[in-house]
Amino acid sequence: MAKKSNRLGKAGEDFAAKYLEDCGCKIIVRNYRIATAEIDIIAEFEGEIIFAEVKTRSSVRNGLPIEAVDLRKQKRIIQAAGVFLQDEKYFDCACRFDVIEVYVTGKNFSLRHIRNAFEVTSEF
């Protein structure tokens, strides 16, 4: 079962990356990892850095994909984004946190791109 969900997730990330490229984004890195977190896609568009979390589902029976990006997950993504920005020397650049929901029905893919799905607040 894990292999099937891993394949589904990878296919969803591939679909989301192609979508971002088709929208004019430059993919900087995929699957950026630090010890405690991973960012699925980091891209750049018109000087803005986009940190995208991709959630792929073949069913919404267990909830919408965005619901899996809870506060704990957001904190981890924000932490990883901070490390990336510092390590890659992106100073004073605009950035945002997006969620891309990918839906798979048979061999058909569709997506919903939620821009600014969450942001850094004082509680982080």
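1. How many nonpolar, polar and charged residues does the lining of the largest pocket have? The lining has 4 nonpolar, 9 polar and 11 charged residues. Here Asp, Glu, Lys and Arg count as charged; Ala, Val, Leu, Ile, Met, Phe, Trp, Tyr, Cys and Pro count as nonpolar; the others, Gly among them, count as polar.

2. This is a predicted model: local features need pLDDT of at least 70, side-chain atom pairs need pLDDT 80 or more, and totals for chains, interfaces and linings use all residues. Numbering starts from 1 along each chain as its sequence is written, and side-chain values use heavy atoms, without hydrogens and water.

3. The largest pocket has a volume of about 570 Å³. A pocket is an open set of points on a 1 Å grid where a 1.4 Å probe fits, with protein on both sides within 12 Å along at least five of seven lines; lining residues have an atom within 4 Å of a point. Of its 24 lining residues, S5, L8, G9, T56 and R57 are the closest to the centre. Helix α1 gives the most, with 6 residues.

4. The whole structure has 9 salt bridges. Each is a side-chain nitrogen of Lys or Arg within 4 Å of a carboxyl oxygen of Asp or Glu. One of them joins D14 and R30 at 2.6 Å, N to O. D14 lies in helix α1 and R30 in strand β1, 16 residues apart. K10 joins D14 and R30 in a network of salt bridges.

5. E53 and K55 also form a salt bridge, at 3.3 Å. E53 is buried, at 3% relative accessible area. K55 is buried too, at 16%. Buried means under 20%.

Key. Points joined across faces, edges and corners; volume = space filled by probe spheres on them. Helix = DSSP H or I, 4+ residues; strand = E, 2+ residues; numbered from the N terminus. Buried < 20%, exposed > 50% of the residue type's maximum accessible area, 1.4 Å probe, protein only.
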